[in-house]
Each structure stands twice: as structure tokens, then as C-alpha cells.
Amino acid sequence: MKRSLTALIAATLVAATLTTTPASAAPVSKPVVKCEFTPTPENPAAKPVRIPSANARAKGTVDVYFVTNYGPFVVRMDRANAPCGVHNFVHLVKSRFYDFTQCFRLTNSARLGVLQCGDIYRQEEGGPGYKFPDEVTGQETYPRGTVAYGNQGPGTNGSEFFVVHSFANIAPNYTVLGHVIAGMSTFDRMVAAGIADPDQDGPPVKPIRIYKVWAH
């Protein structure tokens, strides 16, 4: 019953997004950039997934829909801002990499308020078996609703990403994919449920699970 209700809510979000933001006609020719995806045999893929193609569209947006045990949300990703990053994310979505996964880190401190997902095994462990460079200008900011790649240093992007539920006072070292355009109340519920760490940086009291992700 809960899953049926969640699916219904997600469908409503999808309909609202599609009706309020009609898609424009696709251009005859699309700008394309070359991306560099490097295998990481020392950190093999946590779920079956191939390395994405090297060609990425560098124009337009794509909406990515998430259904979680706290409710749905929708992210609008900007190909022009991070063509390789968005290309990779959509590739992982189509490979069902994020389906039936868990978000292991939730923070709500004076410096950082984010939900971190995309790690299959545990926090910062379990990626896609490859990495790729950052797409940053040094001017990035991370207000509420921002969605960006997490990393373990320069050029280590993979599947890990975070959603800012309040603010993130961090250096501009993280590639911005886009922003949540519907469903921020889902993150408010996650935060209200609590964090199992006195420093407000750790696993959520109640597990946060991603049931399904798809792109349109």
C-alpha cells in the first residue's frame, strides 16, 4: 500500500513537471563534448554497469525522478553546466545503478546540510568502476536544492552525489548537476526523522532508501 501511494505521488510530480514545463523541439544539431572515463580496477563496479560512451550532449536539460521511502523528488540537470557529469548520471540511471540503493550519510550541522547517496556498499564505498574529471569553474555555490557530485579528491567523480537540504558552506570543488524542482519536503522529512550521530553527520536514524530512478 505504501509503495502504491508513493508511486501515485511520483506520478503526480511527473505530470506536474511535464505540464508546467513543456519540452521544446529538439534542435537539428546538438553540441557534443568528449568525456574521459577512466576504469578503476582497484575499485571495481559495485553493480553491473558499463563505462559510458565518450560523447556527451552539451545543451539542454534532463529531468530525473526519484522515488524514496520518504517520498519522491525531481531534479532538473543542466547539460550545459556539466555535460559529462549529466551524461554519466543519466547513463547510471538507465543502467538502474541507483535503483534499490540506500543513502548512508545525512548531515545537518552549522557548516553542512546534505543527503549523500550513490554509494552502494556504505558511505564512500561502492562506485561504478570508473572515474572522470570535475566540471567546476571555482565559482560554484551550493544553496538549498543543489545536486552535485561527491568525490574523494580532484577527478574522482563516479556515482556518489549529494542533495543540499539547507546549505553547504564548502569549497567550490564539486560538480553541480542541477537543482531539485519538486519534492524538497521529502528532504525535510528525512532531516526531521533524525541522524544517528551527536555531531549531526552520519547515518540517518531510519534508513533512507531509493526505490526507483528514471530520466525524462
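Me: Which residue in S12 stands opposite Arg76?
Reply: The model is predicted: local features need pLDDT of at least 70, side-chain atom pairs count only at pLDDT 80 or more, and totals for chains, interfaces and linings use all residues. Residues are numbered from 1 along each chain as its sequence is written, and side-chain values use heavy atoms, without hydrogens or water. S5 and strand S12 (residues 176-182) run antiparallel; strands are DSSP E runs of at least two residues, helices H or I runs of at least four, both numbered from the N terminus. In S12, the residue opposite Arg76 is His179.

Me: How many bridges join S4 to S5?
Reply: A hairpin connects S4 to S5 through 2 residues. The strands run antiparallel, and strands pair if DSSP finds at least two bridges between them. Asp63 stands opposite Arg76 in S5. The number of bridges joining S4 to S5 is 8.

Me: How many of the 8 residues of S5 are buried?
Reply: Buried means under 20% relative accessible area, exposed over 50%, and partly exposed in between (1.4 Å probe, protein chains only). S5 is mostly covered. Of its 8 residues, the number buried is 6.

Me: How far apart are the closest N and O atoms of Asp63 and Arg76?
Reply: Side chains of opposite charge can pair when their charged atoms come close. Asp63 in strand S4 (residues 61-68) and Arg76 in strand S5 (residues 71-78) are 13 residues apart. They form a salt bridge, that is, a side-chain nitrogen of Lys or Arg within 4 Å of a carboxyl oxygen of Asp or Glu. The closest N and O atoms are separated by 2.7 Å.

Me: Is Asp63 buried or exposed?
Reply: Asp63 belongs to strand S4. Its relative accessibility is 8%, so Asp63 counts as buried.

Me: How many residues apart are Asp99 and Lys212?
Reply: Their side chains meet in a salt bridge of 3.2 Å, N to O. Asp99 counts as buried at 6% relative accessibility, whereas Lys212 is partly exposed at 32%. Asp99 sits in the loop between H2 and strand S6 (101-103), and Lys212 in strand S14 (residues 208-215). This pair links distant parts of the chain, with a separation in residues of 113.

Me: Which strand holds Arg105, and how far in sequence is it from Asp201?
Reply: Asp201 and Arg105 meet through their side chains in a salt bridge (2.9 Å, N to O). Asp201 is partly exposed at 30%, while Arg105 is buried at 14%. Asp201 lies in strand S13 (residues 201-202). Arg105 lies in strand S7 (residues 105-107), so the pair ties together parts whose distance in residues is 96.

Me: How many salt bridges does a search of the whole structure find?
Reply: Asp63 with Arg76 is one of them. Asp99 with Lys212 is another. The search of the whole structure gives a total of 5.

Me: Which residues have the most contacts inside the largest nonpolar core?
Reply: A nonpolar core is a set of buried Ala, Val, Leu, Ile, Met, Phe, Trp, Tyr and Cys residues joined through side-chain atoms within 4.5 Å. The largest has 41 residues. Helix H2 (residues 83-94) gives the most to this core, with 6 residues. Those with the most contacts inside it are Phe66, Phe89 and Phe161.

Me: How many of the 12 residues of H2 are buried?
Reply: The 12 residues should span 16 Å at 1.5 Å a residue, and the end C-alpha atoms are 16 Å apart, so the two agree; the expected span is 1.5 Å times one less than the number of residues. Just after H2, Arg96 takes a positive phi of about 60 degrees. Among the buried residues of H2 are Phe89, Val90 and His91. H2 is largely enclosed by the rest of the structure, because the number of its residues that are buried is 11.

Me: The backbone oxygen of which residue lies 2.7 Å from a polar side-chain atom of Thr146?
Reply: Thr146 lies in strand S10 (residues 146-149). Its relative accessibility is 0%, so Thr146 counts as buried. Beyond four places in sequence, its contacts (heavy atoms within 4.5 Å) include Phe162, Val164 and His179. The backbone oxygen 2.7 Å from its side chain belongs to Pro143.

Me: What is the relative accessible area of Ala192?
Reply: Ala192 is placed in helix H3 (residues 184-193). Its C-alpha atom is 9.9 Å from that of Val205, 13 residues apart along the chain. Ala192 is exposed, because its relative accessible area is 68%.

Methods:
Polar contact = N/O pair within 3.5 Å; in protein donor to acceptor, adjacent residues only side chain to side chain.
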